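Colleague: Before I take any label from this model at face value, could you set each one against its definition?

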Amino acid sequence: TMDEERKSIDAVMRKIIAEIEPIKNLGSGKALLAGIRDSIGKELTNAPQVWPLLFENLPEEYLGDKARITAEENAIYLSLQIYALMQQGASKPERGEEKPTRNIGESLRELRGDESKTKAMDERFNTMVTAGSFEELSHYLRQMIKILKANAVNPSVNYPKLAIDLFWMQKGKQDNILMDWARAYYQTFQKNTVEKESTNA
């Protein structure tokens, strides 16, 4: 069922993060994260450094066959890259558990705080959610995450939820998911403007 699928993909993501978190500030952990970042832009077939993390943790029914990469493999692979980007140069513990964001749209909403940047960020966000393919979306998502990492005070990403979203996106549900991202991204900042308009009406 959809729910079992959900649970297991986010469970896999949680398990992988739980393996990396305790070692991420040690040499071995840093090397592992650097290896994941090096996989960016590469097909999974050309990224042996992430194979142990993925294939040791994915249940057998999620694994592909020969060169066929499954939606589960792709979803975890991209979520891992996002996680590794967020850890770059970060020695503080991941605060994701304390402040769980609803989805990646809510995480990226922090980038709208500064008036001067809002328009540019909105354009980037809109380009991402209207991307024509999963590959294109992946590319824009990683770019947005780099900007988030560089600019947000205390950015938080819900990686297990991201993995689920990326899975369903490849299963024909992308419009639903991207609309939910858009709702979360634009939500709170609209309140003031709407109130102003209604008083002038």
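**Labels and their cut-offs**

Colleague: Which residues is Asp 10 in contact with, once its neighbours within four places in sequence are left aside?

Modeller: Asp 10 is in contact with Pro 160 and Ile 164, where contact means heavy atoms within 4.5 Å. This is a predicted model in which local features need pLDDT of at least 70 and side-chain atom pairs count only at pLDDT 80 or more, while totals for chains, interfaces and linings use all residues. Residues are numbered from 1 along each chain as its sequence is written, and side-chain values use heavy atoms, with hydrogens and water left out.

Colleague: Why is Asp 10 called buried?

Modeller: Asp 10, which sits in helix H1 (residues 2–20), has a relative accessibility of 13% and therefore counts as buried (buried is under 20% relative accessible area, exposed over 50%, partly exposed in between, with a 1.4 Å probe and protein chains only). Helices here are DSSP runs of H or I with at least four residues, and strands are runs of E with at least two.

Colleague: And what makes Met 13 buried?

Modeller: Met 13, also placed in helix H1, has 0% relative accessibility, so Met 13 is counted as buried. Beyond its neighbours within four places in sequence, Met 13 is in contact with Ile 76, Ser 79, Leu 80, Tyr 83, Tyr 159, Pro 160 and Ala 163.

Colleague: Why is Lys 66 called exposed?

Modeller: Lys 66 is in the loop between helix H3 (51–57) and H4, and because its relative accessibility is 80%, Lys 66 counts as exposed. Lys 66 also has a positive phi of about 55° although it is not a glycine. Most residues other than glycine have a negative phi.

Colleague: How do you know whether H4 is roughly parallel or antiparallel to H7?

Modeller: Helix H4 (residues 71–87) and helix H7 (residues 134–151) pack at an angle of about 20°, with their axes 9 Å apart, and that angle makes the two helices roughly parallel (under 35 degrees; over 145 is roughly antiparallel, 65 to 115 roughly perpendicular and the rest oblique). H4 contributes Asn 74, Leu 78, Gln 81, Ile 82, Leu 85, Met 86 and Gln 87 to the contact, and H7 contributes residues including Phe 134, Leu 141 and Ile 145.

Colleague: What makes H6 and H8 antiparallel, then?

Modeller: Helix H6 (residues 115–129) packs against helix H8 (residues 159–186) at an angle of about 170°, with axes 10 Å apart, and H6 and H8 are therefore roughly antiparallel to each other. Their contact joins Met 121, Asp 122, Phe 125, Asn 126, Met 128 and Val 129 of H6 with Leu 178, Trp 181, Ala 182, Tyr 185 and Tyr 186 of H8.

Colleague: Where is confidence lowest, and where is it highest?

Modeller: The mean is lowest in helix H9 (residues 191–200), at 52, and highest in H4, at 97, on the pLDDT scale of the predictor's confidence in each residue from 0 to 100. The protein as a whole averages 88, and 85% of the residues score at least 70.

Definitions and conventions
Axes are lines fitted to C-alpha atoms, for helices over the stretch in contact, and angles run from 0 to 180 degrees between N-to-C directions.
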